[in-house]
Amino acid sequence: MMREQINLIIEDAAKKLAHNGFFDLAAAKPIFEAGSASVCKDRAHGDYASNAAMRLSRSAKTDPMEIARKIKEEIEKNKKAKKIFSKIEIAPPGFVNFTLADEYVKSEAGKILKLGSDYGKVRIGGGKKTQVEFVSANPSGQLHVGNGRSAFYGDVLANVLSVAGYKAKREYYINDARVSKQIQTLGATALGRGEAYLSPYLKEKILSLQKKLAKIHSETDAGYFLAQEVLKDLKKFIAKDLKIDFDRWISEECLYKRGLIIETYKFLKKKGLVFEKDDAYWLDMSKYGQKDEVLLRKNGSPTYFLSDIAYHYGKIRRGYKKIINIWGADHQGHVPRMKAVMDILGYKGEFEILICQIVTVKGGKISKREGNIVSLDWLIDEVGVDAARFFYLQNSLQSQMEFDVELAKKKSTDSPVFYVQYAHARIAGILRKACLKGSDPFKTKRVRPFQGIKEFVEIDLAKELLRLPEIVADTARDYQIQRLCLYATGVAAKFHKFYHDCQVIGEDKAIARARLDLAMAAKIVLRNTLSLLGVSAPEKMQRQKE
RNA sequence: GCCUCUGUAGCUUAACGGACAAAGCGCCGGUCUUCGGAACCGGCGAUGGGGGUUCGAUUCCCUCCAGAGGCGCCA
């Protein structure tokens with residue numbers, strides 16, 4: 001990664017300064033561990049900037065500009081750095097700004113062509129066994145637009161983690177326990193004894209199953225049966241329409257059948273954490289700063305909390321070292337309890353619960369209580385899966401979002417997803433044309449690609465393309481998926497600008513070859529980024545009918 | 001009442017504690033007879049209020065105001 005390299009160079013220089021007693025190395029250590037280089041927002045300053053001097057100035061008791069100057073001098077002695085940078089400058093109040101050398105950019109960009117679909121992979125995960133659990137919606141009806149957000153987010157997070165070197169699995173937990181109140185309530189509805197969960201979809205479903213339901217008398221049996229039928233629809237919808245491939249669907253009822261609930265209960269009891277009160281059995285969470293919780297109800301049936309503990313116990317025993325749950329905002333109160341449970345269970349790995357905030361469509365709020373639920377089926381039908389994915393993923397998970405259906409429906413570059421896809425299709429068009437003219441860029445191997453690139457827009461595009469590995473690494477660390485959308489849009493914009501300013505297929509063959517290299521590299525980066533987002537990268541786009 | 005999240009341009013959203021706060025929509029105005037114009041460029045325009053920490057705060061802390069969600073022997 002470009003930025004990592006720069007960090008190392010800065011660190012190296014700083015170490016030499018520390019060695020000369022310029023400042024205390026111990027104080028500087030955290031700065032270099034985290035890295036001090038970042039991409040310049042304003043390219044007029046350079047490509048990358050380091051704030052190390054400013055952060056060091058306190059412990060060094062020296063003017064940051066002075067430190068920056070020293071760092072610059074030290075780096076300029078470095079032979080390797082001489083090849084990488086064309087310019088190193090200091091700027092108040094103490095930035096060190098780096099500009100990449102054109103030749104270096106070109107040689108790095110050559111890797112994009114070489115790596116193709118592997119470009120962007122980084123090795124920060126170390127093959128760690130990782131699980132992302134998401135959606136896990138109750139099998140009592142269709143998914144709603146809120147589920148869509150966590151569905152796409154979880155899917156893309158798993159993609160990013162995989163590309164970053166984690167061994168990531170997707171899992172869906174099915175709340176289908178026969179003892180649960182919800183299955184019984186669903187059963188009552190199925191048998192016409194209640195109206196809970198009775199959406200238009202469910203109404204129709206029950207009607208179509210009338211013959212089979214007529215033979216069932218117990219509400220539990222009816223509920224379980226109906227839940228399985230609904231689940232079939234959910235699985236189909238998720239795979240075909242949402243294009244999400246779960247590695248595992250795990251059933252709560254299965255945990256019961258396999259005796260894991262009882263086993264977990266016994267485990268907790270053995271630890272001396274269970275006590276009786278008001279004819280029920282409780283988990284003592286006082287040591288964990290939490291309220292005590294019921295495990296077994298007065299009537300003897302286990303609570304959801306107990307089965308959730310058992311479920312997480314299972315995750316641990318299946319060997320996951322990094323466990324990520326994506327929950328809806330209505331479950332946030334459950335977060336501290338679950339974290340405490342992981343402590344009780346003795347889990348030493350990483351455990352994270354991401355809370356996905358509410359989604360609204362135009363004015364209508366999506367609330368289970370109020371019942372005005374907008375189904376995800378409807379939304380996908382309206383805007384298509386590509387636009388849906390991109391629009392959901394543009395926003396950070398923790399802020400509420402409003403889905404702009406009308407904009408997402410637009411088949412024009414007003415819509416960011418079309419803007420990006422169009423850039424890809426446009427490149428594909430150019431490459432097709434180039435092949436027709438005989439200079440097939442796919443067939444001949446080139447020893448030194450990108451020779452002849454020199455315009456600002458060309459170099460600027462190439463530099464942007466080199467950022468993909470950083471984007472992946474950053475996102476694998478902080479889970480801010482929206483960065484991918486922003487990056488894709490940025491690459492597309494730079495490509496369009498390049499295309500506008502520079503004729504690719506022109507008279508000068510050498511320049512044409514170099515520009516085709518650049519276009520192809522842009523195509524690879526766009527495709528890889530879209531692939532992370534689960535959005536298709538079309539070779540052709542339908543011409544819009546006016 | 002307590003806990004969590006959020007408050008950024010007219011609207012929908014970005015921004016590892018960094019430089020002049022970034023995009024899209026909308027509005028206004030330009031470019032180029034284009035290898036796919038579904039393009040490109042420019043303009044208008046924003047950090048809810050008040051303190052604090054810091055060389056530097058949209059970002060961290062406190063407080064007030066506003067919105068959302070949660071506080072079940074529901075899941």
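**Exercise 1. Determine which residues come nearest to RNA strand B and which elements supply its surroundings.**

Step 1. Ala-49, Arg-297, Gly-333, Thr-413 and Gly-429 come nearest, out of 80 residues around RNA strand B. A residue is near a molecule or strand if its C-beta atom, placed from the backbone, lies within 6 Å of it.

Step 2. Two or more residues each are given to this surface by helix H3 (52-60), strand S4 (95-100), helix H8 (181-190), strand S14 (401-403), helix H19 (416-436) and helix H22 (482-501). Helices (H or I, at least four residues) and strands (E, at least two) are DSSP runs, numbered from the N terminus.

Step 3. H19 gives the most, with nine residues.

Step 4. By class, the surface near RNA strand B holds 28 nonpolar, 33 polar and 19 charged residues. Here Ala, Val, Leu, Ile, Met, Phe, Trp, Tyr, Cys and Pro count as nonpolar, Asp, Glu, Lys and Arg as charged, and the others, Gly among them, as polar.

A note on the model and its numbering: this is a predicted model, in which local features need pLDDT of at least 70 and side-chain atom pairs count only at pLDDT 80 or more, while totals for chains, interfaces and linings use all residues. Residues are numbered from 1 along each chain as its sequence is written, and chains are lettered from A and ligands numbered from 1 in the order in which they are written.

**Exercise 2. Describe the hairpin of S3 and S4, including its turn.**

Step 1. Strand S3 (residues 85-91) pairs with S4 in the antiparallel sense over six bridges. Two strands pair if DSSP finds at least two bridges between them.

Step 2. Phe-85 has Leu-100 in S4 as its bridge partner.

Step 3. Three residues stand between the strands, and Gly-94 takes a positive phi near 160 degrees.

Step 4. Pro-93 lies in the loop between S3 and S4. The peptide bond from Pro-92 to Pro-93 is cis, with omega near 0 degrees.

**Exercise 3. Trace the pairing of S9 with S8 and with S10, and assign the two faces of S9.**

Step 1. Strand S8 (residues 274-277) and S9 pair in the antiparallel sense over four bridges. Lys-277 stands opposite Ala-280 in S9.

Step 2. The hairpin of S8 and S9 has two residues between the strands, and Asp-278 in the turn has a positive phi of about 50 degrees.

Step 3. S9 also pairs with strand S10 (residues 293-296), in the antiparallel sense over three bridges. Opposite Trp-282 stands Val-294 in S10.

Step 4. On strand S9 (residues 280-283), Tyr-281 and Leu-283 make up the covered face, and Ala-280 and Trp-282 the uncovered one.

**Exercise 4. State how far helix H21 is covered, what packs against it and what follows it.**

Step 1. Helix H21 (residues 468-478) is mostly covered, with nine of its eleven residues buried. A residue is buried if 20 or more other C-beta atoms lie within 10 Å of its own, exposed if 12 or fewer, and partly exposed in between; C-beta atoms are placed from the backbone.

Step 2. Among the buried residues of H21 are Leu-468, Glu-470 and Asp-474.

Step 3. The packing partners of the buried residues are helix H1 (2-19), helix H7 (145-163), helix H20 (456-465), H22 and helix H23 (509-533). Contact between two residues requires their C-beta atoms, placed from the backbone, to lie within 7 Å.

Step 4. Tyr-479 lies in the loop between H21 and H22. Its phi is positive, about 65 degrees, although Tyr-479 is not a glycine.

**Exercise 5. Is Tyr-197 buried or exposed, and is Tyr-479 buried or partly exposed?**

Step 1. Tyr-197 is found in the loop between H8 and helix H9 (200-208). Its phi is near 65 degrees, a positive value in a residue other than glycine.

Step 2. Tyr-197 is buried because 21 other C-beta atoms lie within 10 Å.

Step 3. Tyr-479 has 19 other C-beta atoms within 10 Å, so Tyr-479 is partly exposed.

**Exercise 6. Find the residues of the largest nonpolar core that touch the most other members.**

Step 1. A nonpolar core is a set of buried Ala, Val, Leu, Ile, Met, Phe, Trp, Tyr and Cys residues joined through C-beta atoms within 7 Å.

Step 2. In the largest core, of 152 residues, Ile-71, Leu-465, Ala-522, Val-525 and Leu-526 touch the most other members. H23 provides the largest share of this core, 14 residues.

Step 3. Ala-522 is in contact with Ile-427, Leu-461, Leu-465, Val-491 and Phe-495, leaving aside neighbours within four places in sequence.
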